[in-house]
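Subject: Structure handover

Hello,

Here is the structure I promised to pass on.

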Amino acid sequence: MELTEQVSVINQRGIELFIIKMILAVFVMAISAYCFITKDYLYAPISSLLLGILIAIIGIDEFKNNGKNSRCMFFIPVSILVIVVVLFSF
């Protein structure tokens with residue numbers, strides 16, 4: 001997929017959801033990199049919670065765009081599982 005096609009897809013689906021996904025992805029990567037480099041795993045549950053939210057947003061976006069017969073049937077249950085495990089680990 002070329003860059004112009006990607007831009008048109010982003011404009012069709014909504015730029016707000018794309019920005020939220022990118023911000024969450026950057027936060028997850030930054031917190032995970034910090035935990036990995038410093039070996040201080042205090043913020044690991046926060047990273048996992050943000051990852052669960054990111055997976056849920058991806059699943060909702062897939063459901064909105066492709067309907068029931070898409071990958072959302074995998075993303076949404078996995079995100080719920082991740083969020084529940086993180087909340088019980090606090």
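The notes below go from the whole protein to its helices.

First, the ground rules. This is a predicted model, where local features need pLDDT of at least 70, side-chain atom pairs count only at pLDDT 80 or more, and totals for chains, interfaces and linings use all residues. Residues are numbered from 1 along each chain as its sequence is written, and side-chain values use heavy atoms, with hydrogens and water left out.

**Overall**

The protein has four helices and zero strands. Helices (H or I, at least four residues) and strands (E, at least two) are DSSP runs, numbered from the N terminus. The order from the N terminus is α-α-α-α. Of the 90 residues, 23% count as buried. Buried means under 20% relative accessible area, exposed means over 50%, and partly exposed lies in between (1.4 Å probe, protein chains only).

**The core**

The largest nonpolar core has seven residues: Leu24, Val28, Ile31, Cys35, Leu50, Leu54 and Ile57. Such a core is a set of buried Ala, Val, Leu, Ile, Met, Phe, Trp, Tyr and Cys residues joined through side-chain atoms within 4.5 Å. Helix H2 (15–38) and H3 each supply at least two of its residues. H2 gives the most, with four. Isoleucine 31 touches Tyr43, Ile46, Ser47 and Leu50, leaving aside residues up to four places away in sequence. Contact here means heavy atoms within 4.5 Å.

**H3**

H3 has 23 residues and should span 33 Å at 1.5 Å a residue; its end C-alpha atoms are 32 Å apart, which agrees. The expected span is 1.5 Å times one less than the number of residues. Buried residues in H3 include Ser47, Gly52, Asp61 and Glu62. Just after H3, glycine 67 takes a positive phi of about 85°.

**H4**

H4 (residues 72–89) has 18 residues and reaches 25 Å from first C-alpha to last, close to the expected 26 Å. Its buried residues are Cys72, Phe75, Ser79 and Val86. They cover an arc of only 65° around the axis, so they sit on the same side of H4. That arc is taken from the directions from the helix axis to the C-beta atoms. The buried residues of H4 pack against helix H3 (44–66). On the other side of H4, Met73, Phe74, Leu81, Val85 and Phe88 are exposed.

Best wishes
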